[in-house]
Amino acid sequence: MASAVSPTSLESAPRLMRLVAECSRSRARAGELRLPHGPVATPVFMPVGTQATMKGITAEQLDALGCRICLGNTYHLGLRPGPELIQKAHGLHGFMNWPHNLLTDSGGFQMVSLVSLSEVTEEGVRFRSPYDGEETLLSPEKSVEIQNALGSDIIMQLDDVVSSTVTGPRVEEAMYRSIRWLDRCIAAHQRPDKQNLFAIIQGGLDADLRATCLEEMTKRDVPGFAIGGLSGGESKGQFWRMVALSTSRLPKDKPRYLMGVGYATDLVVCVALGCDMFDCVFPTRTARFGSALVPTGNLQLKKKQYEKDFQPIDSNCACPTCQKHSRAFLHALLHSDNTAALHHLTVHNIAYQLQLMSAVRASIVEKRFPNFVRDFMGTMYGDPTLCPTWATEALASVGITLS
Amino acid sequence: MKLSLTKVVDGCRLGKIKNLGKTGDHTMDIPACLLYTKTGSAPHLTHQTLHTIHRLPAMAQLTLSSLAEHHEILADYKEGIGKFIGMPESLLYCSLHDPVSPCPAGYVTNKSVSVWGLGGRVEMTASKFMAIQQTLQPDWFQCLSDGEASCEEATSIKRARKSVDRSLLFLDNCLRLQKESEVLQKSTIIGVIEGGDVMEERLRSARETAKRPVGGFLLDGFQGNPATLETRLYLLSSVTAELPEDKPRLICGISRPDEVLECIERGVDLFESFFPYQVTERGCALTFSFDYQPNPEETLLQQNGTQEEIKYVDQTKKIKTTSCNQEMTSFEINLKEKKYQEDFDPLVRGCSCYCCKNHTRAYIHHLLVTNELLAGVLLMMHNFEHYFGFFHSIREALKSDRLSQLKELICRQAS
């Protein structure tokens, strides 16, 4: 295998991902991750359970939906309840009683989302806690230390995250710093046999910076790579080009995790571009606002038009919500103060995402992915020609035409 | 519908209601509680999470206050509220009001009663009320009634009398309207006993209501703060003495374990289960013991737990009266307290609910501190399970003539 230059690389690390099928036209792949808490079929959508809980639904419900990997967040859990307590509870798995896999983000994204509370230096990110005003320094070493205590199956390097709308020297600085922080994370990682440390490719929307980052980071023999710094405020045209550039330079035999992507169209396109793993708060968050995801988009169930709609959200959906309840009932419940309404929608939206990924995977395995994409776009946009330009272009770039 | 009493011990009735419901093929043991719902759903719980709970009541309580505003939708739906809310197999009882949120007083007239939904006031004459019940098609429903004689501090005799007169008039109107509707004939009307705190009016209400062909009786106006029930208990005995033995007696607004037992001793059969919901909303978990006959082996293992809790309660009674959490009872623990941060025990050792089998006090504490929705879900699952277990123990105690032991155990734990 390709040699790793860094003295701390893991040359003999077994491959995390087994490729099961590849699309002969596009870059889509179907595979299987062999993780400590069980296998995970890819492409996979990972729901986000930031604070050791999927908001409003039990571990049993999440398991019953077929979820085999979900996210926790180091920044939040590091503050509350803290790594020492979680360690006492037998790690994050023990604390939340989740039998399957967990992926923890490093806390890097909070640097962007909570930018008013943070300050970045070479040392790390200095945060001021919104809860008690206390200052904490999240360094690469500290982030890995917390994630080691959490015991998640996949851990993320601490990266220097810059909003994709930022331009200029800060982007380059962040890219190079992320490489240095990757090396510090690798060095600090105490449990490489139990926890898989992923690198995160940065470089903003600059092709050269991205390419440099890719070249450097792929020299480190980490079990997987994430594509970071996207899914922010950038244009979709720039977005897909950076994803495509990244997948073209990432090794084929390692998983590609595109962070923060979760809209159905984006998922399908980015699978075509060669991504394997995705996470996003969107499906679960939009559920709590009364929005149900369907193949044609979404239903804002609080609206009056659903008052007397006695069909389920989606008659083809196998989730418990669709099996038992109508849009009309959910509409009425959403207008009450019973939180059960939110949970019904959360269950459905997670089911929607997982069912979508399942269907994508089956089409890849059965060698009909391009047709699947055409059908999907047709359903979503009414007509393939009405598909957003960026998606049409992105798909065309990997050999899938829509008309 | 047939209520057969297995036995009556010291005023407590143990029995079975058979041929229950619109289909006539359900059975329910008494004493029992009804499943509390908000807008047709158990609070916080979906069908999946609800059905992990053991000993779910055979009958769920719906509130007209949460459903009346949807009656046009239900009229279009045509298939009844049970199917609409996804509980087609459950027995359903429709009460007027939500026991948790008292409605503003002063809106009952000779011709109408109002309920308060989230969309505002819904005023109902007898015909509108029955039209709404026709769209709901519950198995049982509380008849339109005037419950405001017990609202103010001192009931005047005049007001008490009016509450009885009006309620009887509403009842007669509703019975007449029921005869005219094939759909409504499948549902059972529950007559409401009013009369405020005036003995004479209470007796009159009981006797007159009992003359009508109602399926059961709702004892209204005994709720309030804990002090008011004590003064009303003597009224309660007198009222139930006037009611036929073979029809169920429901009471509204009474749900605390100690008060439940007091009412059972005075001939009440059915209760609402909103108390576990209130406990959930304040971030607390029911921990009181109802194990009146502990198995000797388990006693050694678990007694320490129970005794610890009781001891703690005695010690901190003084603290609690000065804390701002005045509504909390001694039947529960407050999971927000810092001492639970590293407590890896389940909420209640030996509890078979989903929460106790899968999670720790420390986890619930974390969920409450971080304001996570799952806290409500898990606490509701535990609190309902614990409460339904309590009712099961009441029936078991009655069967084996040990209710006094159970009562003593509960009273020891009451603040």
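The model is predicted, so local features need pLDDT of at least 70 and side-chain atom pairs count only at pLDDT 80 or more, while totals for chains, interfaces and linings use all residues. Residues are numbered from 1 along each chain as its sequence is written, chains are lettered from A and ligands numbered from 1 in the order in which they are written, and side-chain values use heavy atoms, with hydrogens and water left out.

Let us stay with A:Arg220 for a moment. This arginine sits in the loop between helix H8 (207-217) and strand E12 (224-227) of chain A; helices (H or I, at least four residues) and strands (E, at least two) are DSSP runs, numbered from the N terminus. A:Arg220 is buried, with a relative accessible area of 10%, where buried means under 20% relative accessible area, exposed over 50% and partly exposed in between (1.4 Å probe, protein chains only).

Further along chain A comes helix H10 (residues 264-272), which is mostly covered: nine of its nine residues are buried. Among them are A:Asp266, A:Leu267 and A:Cys270. After H10(A) comes A:Gly274, with a positive phi near 105°.

Chain A also holds an open sheet of three strands in the order E7-E8-E9, with antiparallel pairing. Two strands pair if DSSP finds at least two bridges between them. Strand E7 (118-120) and strand E9 (135-138) of chain A stand at the edges, each with a single partner strand, so one side of each is left without a neighbour in the sheet. On average, neighbouring strands of this sheet are turned by 20° against each other, direction ignored; the axes are lines fitted to C-alpha atoms, for helices over the stretch in contact, and angles run from 0 to 180 degrees between N-to-C directions. Three bridges link E7(A) to strand E8 (residues 125-128) of chain A in the antiparallel sense, and A:Glu119 has A:Arg126 in E8(A) as its bridge partner.

Now turn to chain B, where three strands also form an open, antiparallel sheet, in the order E1-E2-E3. E1 and strand E3 (26-30) of chain B are the edge strands, each with a single partner strand, so one side of each has no neighbour in the sheet. The twist averages 10° from one strand to the next. Strand E1 (residues 2-9) and strand E2 (residues 12-20) of chain B run antiparallel and are joined by seven bridges. They form a hairpin with two residues between them, and B:Asp10 in the turn has a positive phi of about 50°. B:Gly15 in E2(B) is a handy landmark: B:Leu5 stands opposite B:Gly15, and in E3(B) the bridge partner of B:Gly15 is B:Ile30. E2(B) and E3(B) pair over four bridges, in the antiparallel sense.

Two buried residues of chain B deserve a stop. B:Ser205 belongs to helix H8 (residues 199-211) of chain B and is buried, with a relative accessible area of 1%. The side chain of B:Ser205 reaches the backbone nitrogen of B:Glu194 at 3.0 Å. B:Val268, in the loop between helix H10 (257-264) and strand E13 (270-272) of chain B, is buried with a relative accessible area of 0%. Its C-alpha atom is separated by 7.5 Å from that of B:Thr240, 28 residues apart along the chain.

On a 1 Å grid over the protein atoms alone, a cavity is a set of points where a 1.4 Å probe fits but cannot get out, and a pocket is an open set with protein on both sides within 12 Å along at least five of seven lines; lining residues have an atom within 4 Å of a point. The second largest pocket holds about 1,100 Å³ of space, a volume being the space filled by probe spheres set on the points, which are joined across faces, edges and corners. Its lining has 45 residues, and those nearest its centre are B:Pro99, B:Pro102, B:Gln223, B:Gly224 and B:Gly253.

Key: Polar contact = N/O pair within 3.5 Å; in protein donor to acceptor, adjacent residues only side chain to side chain.
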